[in-house]
Amino acid sequence: LNRRQAAKSSFSRLLAALLILFSLTACTTRVTDYDQVGPKDKLIIRFSFVTGEDTPKGLASIRFKELVEKRSNGKVEVQIFPNSTLYSDAQELDELKLGDVQMIAPAISKLSEIVPEVQLFDLPFLFQSQQDVWSLADGPVGQELFRLLEKKGYKALAVWDNGFKDITNSRHSIKEPSDFSDLTFRIMPSETLQKQFEAVGATTVVVPFDELYFSLEKGQVEGEENTISNIYNKKLYTSQRFLTKSDHGYLGYFVLVDQKFWSTIPPDTRKMLTETLQEVTDWERQLAMKKNEQEFELLQQRKDVQITMLDKRQKSQWRESFQSTYTWFMSQVHDDLIRDYLKQKETQK
Ligand code: LMR
């Protein structure tokens, strides 16, 4: 009897051990907390950019992070580095290739040294509306620019908006094209932007975004062009008393990853990332318009900012004065799709 009892109790111990083992395995495969995914199983995407968090780009990157981490059950982690905390304009492009960051969203102008054709987006008064921007960005010309970037190893996943640029400076109000001529403007690295300012007799200096505030404050440059969102969030108005609401140029971003890095991601994860980014892009574009409007109202309330609005006649004077920028761009670009797009635009005027 004792032997039978002993066998019975060792059988129940075995059963209990098996049960514990089973429940432990079940726990490790069912993820209830993101931290339970081991570092080796995680895909980490370090996302670096130069603006602050409370901007269209910043808020969209946070939304992207939240959705991706939820949808992947924590298998993908997106780490956000705003405000150039990691890298400044040119550095982030190099670091993306070196693999120190996996995602960036530079202003399109900043890609001009890699693919000069992207400067199409820099042409003054090219777009009538935001809708006009989207049909270019999401149409065949946008795809063509993505293809040219891919040839250089950069995979563009989306086009995010900031909005239309206005002119600010510390010296005097700018109404007529002739008002530009005694001023030095900070520009992003784009020859088209340089030509635009040269067309109205102004001098330009390329300054990275993280140095812009101080360079304006110290008077190294007297003016710059930017969206209301950037002027407001980087507090550029503290040294830039005069703002002309010209909406003459467009500022948008290409969301980029390194082509090689992208191809190492499993197809189902890639699909989830692409779809999520598409959804975030639609959201970001609406947000950018709303934020620029709201922040313009806030700037209008400030006593230290003097705002000049342009009427129709002045805008067409500006457009005419900038015309040589188009001639120059056409002489540089040989891509048929881009040339046809510009010719078509010309006939719509
Ligand atoms: C700038 O350099 O002025 C902007 O491109 C910054 C940004 O990313 O919006």
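Predicted model: local features only at pLDDT ≥ 70, side-chain atom pairs only at ≥ 80, totals over all residues.
Residues are numbered from 1 along each chain as its sequence is written, and side-chain values use heavy atoms, with hydrogens and water left out.

As for the fold, you'll find 13 helices and 9 strands. These are DSSP runs numbered from the N terminus, with helices being H or I of at least four residues and strands E of at least two.

Of the 349 residues, 51% are buried, which here means under 20% relative accessible area with a 1.4 Å probe, counting protein chains only.

Now for the rings. Rings of Phe, Tyr and Trp (its six-membered ring) pair if their centres lie within 6.5 Å; planes under 30 degrees apart are stacked, over 60 edge-to-face, and the rest tilted. That gives 17 aromatic pairs. Trp 318 and Phe 322 have planes at 90 degrees and ring centres 6.2 Å apart, so they are edge-to-face. Both Trp 318 and Phe 322 are buried. Elsewhere, one aromatic cluster brings together Phe 121, Phe 127, Phe 146, Phe 164, Tyr 250 and Phe 254.

Charges can sit over rings too: NZ of Lys or CZ of Arg must be within 6 Å of the ring centre and within 35 degrees of the ring normal.

| Charged residue | Ring | Distance to ring centre |
|---|---|---|
| Lys 245 | Phe 296 | 5.1 Å |
| Arg 319 | Phe 125 | 4.9 Å |

Conventions:
Buried < 20%, exposed > 50% of the residue type's maximum accessible area, 1.4 Å probe, protein only.
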